[in-house]
Amino acid sequence: MLTTPEHPQSPIWLVIIRLLRWHKPEGRLILMIPALWAVFLAASGKPPLPLVGVIILGTLATSATGCVVNDLWDRNIDPEVERTRDRPLASRALSVKVGIIVAIVSLACAAVLAFYLNPLSFWLCVAAVPVILLYPGAKRVFPIPQLVLSIAWGFGVFISWSAVTQNLSQPTWLLWGATVLWTLGFDTVYAMSDKEDDRRIGVNSSALFFGNYAPLAIGIFFAGTILLLSWLGLVIHLHLAFWISLAIATIGWVWQSLRLRKENLPNSAYGKMFQQNVWIGFILLAGMIAGSF
């Protein structure tokens, strides 16, 4: 077994931060991005600041819940994977009981924030919970578990958009579709680093499902994202700044798709591409805000 125990001197609060993945902010930020896209676009670039605060805190709490639930599901699998063997529950630095308590506290924080929202947004939050809780099990029974994760990401668009408008309209669905495809793209990239470990253990991933065609599939997902964001920009009449940001994003996604075709990429390359998508997401957010005026 590959498990390496947590250093015995690590204070429990620091171990819990690692459980919540707050030491790796890119994973928290990339969940926040589609929700921020939605709240700013729905409000024509000028959402109420308290609502933006609720969205930011809500995505942090939801992400924390998802991370802990994922690690509870995978506590006996993670020790067999190079990238995840040192996670607190996998290394037994934290007990299952502590993990469950942290998950409940995180979910309770998200629930409190949800009460700030209107009824439609609140019930969309409730509908998202089963998807978040069941996603880690999807890799055991579903050939493309990243699709389940993408749908979970998409709830951020529904919740944030409806928090402004109290309805879901055509632009909402266009942004939702773009978010789902973008998430499928960057999370398949991320899954490529674990491909051999996943195959050995016997769990599913989109990287395994698409196999040698994974770079092509990722390119198609990113192309679909570009198409839907372009359609969205036309429908809601976004201005030049948005199109500049979309052009920058397109260059980034094309470069990633071409690089993924190279053989024998180091595993670190996939993590760097995942991080690049965080920057791409924020560039698009800036373009959406500026292009709304």
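I took buried to mean under 20% relative accessible area, exposed over 50%, and partly exposed in between. I note at the outset that the model is predicted.

**Entry 1. Salt bridges**

I looked up the salt bridges and found that the structure holds 8 of them. Side chains of opposite charge can pair when their charged atoms come close.

I began with Asp197, which counts as buried at 17% relative accessibility. Asp197 forms a salt bridge with Arg200, and the closest N and O atoms are 2.8 Å apart. Both residues belong to helix α8, where a spacing of 3 residues separates Asp197 and Arg200 by about one helical turn. An α-helix has 3.6 residues a turn, so residues three or four places apart point the same way.

I then asked which other residue forms a salt bridge with Arg200. The partner is Glu80, with 3.9 Å between the closest N and O atoms. Arg200 lies in helix α8 (residues 195-201), while Glu80 lies in the loop between α3 (49-73) and α4 (96-114), so this pair ties together parts that are 120 residues apart in sequence. I recorded both residues as partly exposed: Arg200 has a relative accessible area of 49%, and Glu80 has one of 24%.

Next I examined the pair Arg87 and Asp78, whose side chains meet in a salt bridge at 3.7 Å, N to O. Are these two residues buried or exposed? Arg87 is buried, with a relative accessible area of 15%, and Asp78 is buried as well, at 4%.

**Entry 2. Cysteines**

I searched for disulfides and found 0 in the structure. A disulfide is a covalent bond between the sulfur atoms of two cysteines. As for accessibility, Cys109 is partly exposed at 40%.

**Entry 3. Nonpolar surface patch**

I located a nonpolar surface patch of about 540 Å², made by Leu240, Ile244, Ile248, Trp279 and Ile283. The elements that give two or more residues to this patch are α11 (240-259) and α12 (267-290). Which element gives the largest share of the patch? That element is α11, with 3 residues. I checked Ile244 individually: this residue is found in helix α11 and is partly exposed, with a relative accessible area of 45%.

**Entry 4. Helix α11**

I compared the length of α11 with expectation. At 1.5 Å a residue, its 20 residues should span 28 Å, and the end C-alpha atoms are 29 Å apart, which agrees.

I then listed the buried residues of α11, which are Phe242, Ser245, Leu246, Ala249, Gly252, Trp253, Gln256 and Ser257. Viewed down the axis of α11, these buried residues fall within an arc of 135°, so they line one face of the helix.

Finally, I asked which exposed residues are carried by the face of α11 turned away from its buried side. They are Leu240, Ile251 and Leu258. I note that Leu240 is also one of the residues that make the nonpolar patch.

Notes:
Residues are numbered from 1 along each chain as its sequence is written. This is a predicted model: local features need pLDDT of at least 70, side-chain atom pairs count only at pLDDT 80 or more; totals for chains, interfaces and linings use all residues. Side-chain values use heavy atoms; hydrogens and water are left out. A salt bridge is a side-chain nitrogen of Lys or Arg within 4 Å of a carboxyl oxygen of Asp or Glu. Buried means under 20% relative accessible area, exposed over 50%, partly exposed in between (1.4 Å probe, protein chains only). Helices (H or I, at least four residues) and strands (E, at least two) are DSSP runs, numbered from the N terminus. A disulfide is a pair of cysteine sulfur atoms within 2.5 Å. Patches are made of residues with over 30% relative accessible area and no salt bridge: like charges are joined within 9 Å, nonpolar side chains (Val, Leu, Ile, Met, Phe, Trp, Tyr) within 5 Å. Accessible areas come from the Shrake-Rupley method with a 1.4 Å probe; for residues, only the protein chains shown count as cover. The expected span of a helix is 1.5 Å times one less than its number of residues. The arc is that of the directions from the helix axis to the C-beta atoms.
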